[in-house]
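Here are a few exercises to work through with the structure on screen. Try each one before you read its solution.

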Amino acid sequence: PIRLSAWCLLALALFSTRVSHAWTTLPTKPQQQQQQHQTTLHRRPLRMSLQATAAANLHGQNACFLPLKQLDQDYYNPRIVQIAGAYPGLTKEQFMGVTSEPSPEQGQWTYDFSDPDGPQMGTVALEGSEIVHFAEDPVVVIAEHRSIGVDLPKAIVDDVDLIVFVDRAERDFAERKFLVVAEPGSEFLTIGAYATKPEMPEGAEILGTVKVVQIPWLPSMAPTKTGFM
């Protein structure tokens, strides 16, 4: 066994005390080390993500191509319009209660984030066209086909829901144009056309103009003809 003299033991004791004291009098280094460790942990997922995607090709790499569709400046994107209610039985409060969003710029599109607590019954996407695009304050009314006088094949017995696209910004009278009208003394609105303004009920208020009515295709209807015989 190795024997140490008293002087050696004393020197070792003093050295260990200084080392211990040196570690306890550096208050900033442990915090700095901890911060660096935390920063490394935060950066690690990004590095791992970059490493994980390094093997995947981007568009145009190694003959890999995305199925891209470039819209042109004249493209009308389908427009999402809120539904005000069902007709007949539609009230002025229901019709005027929903909001409308601006039409997307041509060649672009917008997103729908409907308010679940709002008065709208839902939304519907309408095919892009000039009529739909340039409507200033549009809403949709779901109308039974018989309530607005639309004839469908006799094989169709039940009521069919039609999409009635209305622009509430157009509130002037127009001959033989279908209007959404609030009649005095009536709780419910009327959708109809008038040959002359005097034919309208006295005191009636025009709330909007029907711009287009969309009819669904049903199996009992004749198939759409194509260019081939």
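**Exercise 1.** What percentage of the 229 residues of the protein chain count as buried?

*Solution.* Keep in mind that this is a predicted model. Buried here means under 20% relative accessible area. With that cut-off, 24% of the chain's residues count as buried. As for the surface, the accessible area comes to about 17000 Å², and 57% of that belongs to carbon and sulfur atoms.

**Exercise 2.** Work out the order of helices and strands along the chain.

*Solution.* Start with the tally: four helices and seven strands. Then walk along the sequence, and you'll read α-α-β-α-β-α-β-β-β-β-β.

**Exercise 3.** Find which strands pair with E4, and in what sense.

*Solution.* Take E3 to begin with: E3 and E4 are antiparallel, with seven bridges between them. Here Ala-143 sits opposite Leu-162 of E4. Now try E7, which also runs antiparallel to E4, joined by five bridges. In this pair, Asp-167 faces Thr-209 of E7. While you're there, check how covered E4 is: six of its seven residues are buried.

**Exercise 4.** Which residues have the most contacts inside the largest nonpolar core?

*Solution.* This core has 22 residues, and the ones to pick out are Phe-95 and Val-180. Next, see who contributes: strands E1, E3, E4, E5 and E7 each give two or more residues. Now zoom in on Phe-95; leaving out residues up to four places away in sequence, its contacts include Ala-84, Val-141, Val-166, Val-180 and Leu-207. Finally, look for a second, separate core of nine residues, among them Leu-126, Ala-135, Val-140 and Phe-165.

Terms used:
Residues numbered from 1 in each chain as written. Predicted model: local features only at pLDDT ≥ 70, side-chain atom pairs only at ≥ 80, totals over all residues. Heavy atoms only, no water. Core = buried A, V, L, I, M, F, W, Y, C linked by side-chain atoms within 4.5 Å. Buried < 20%, exposed > 50% of the residue type's maximum accessible area, 1.4 Å probe, protein only. Contact = heavy atoms within 4.5 Å. Pairing = 2+ DSSP bridges. Areas by Shrake-Rupley, 256 points an atom, 1.4 Å probe, with all protein chains shown as cover.
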